Amino acid sequence: ADDFGEDLICNIADGNIYYWDATGTVNSRAVLLSTLSGASDVPAVARKILVSDVDRHVLCFGANPVGSANQDPLLIRWSDQESAVDWTPTATNTAGDLRLSQGSEIITAVRTSRQILVWTDHTLHSVQFTGAPYVFGTALLADNVRIAGPNVAISVNDLVFWMGQENFYVYDGRIQPLPCSV
């Protein structure tokens, strides 16, 4: 789950995307994002969602491509800037997608102040807002890097800590194992 202003966007891993409007009561339920007014080509499935802080795009990791219901485990899709409902890429908006070049599935993603880190089953990538015409770009940070699961990474003061399958790690612009006597 992530906030979109005062509202909330959430999903269950590999499931639908929901939107909760804060102007309703606390007893109001979240609704499918695809049912909101103006919704177009909203992903039907996503492994994880995040909102990029600086540029205000909603990003879906491990989503289905536009026009398909089949999940692509390496596809990253994003909405138009400042819109949670417009996912149709056009020449006049910033909605789009890209596919990671390595790995076989996205495990998780964590937002930092400068980038979004994305782990696949064997790699670590950086996703950064680049602006027009490509909107987002990726860079492979490391190959043969493994994360233990989807909920074992956290960003603290622009340092990212995670539990790998062999060690604990920190990323501060470079990946370093953390000493651990356990």
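The model is a predicted one, in which local features need pLDDT of at least 70 and side-chain atom pairs pLDDT 80 or more, while totals for chains, interfaces and linings use all residues. Residues are numbered from 1 along each chain as its sequence is written, and side-chain values use heavy atoms, leaving out hydrogens and water.

Strands here are DSSP runs of E, at least two residues, numbered from the N terminus, and two of them pair if DSSP finds at least two bridges between them. E7 pairs with strand E6 (residues 58–61) in the antiparallel sense over three bridges, with Ile76 as the bridge partner of Phe61. Strand E8 (residues 96–99) runs antiparallel to E7 and is joined to E7 by four bridges; Asp97 in E8 is the bridge partner of Arg77.

Two loop residues other than glycine have positive phi. Arg56, between E5 and E6, has phi near 60 degrees and is partly exposed at 21% relative accessible area. Asn157, in the loop between strand E13 (153–156) and strand E14 (159–163), has phi of about 50 degrees and is exposed at 73%.

Definitions and conventions. Buried < 20%, exposed > 50% of the residue type's maximum accessible area, 1.4 Å probe, protein only.
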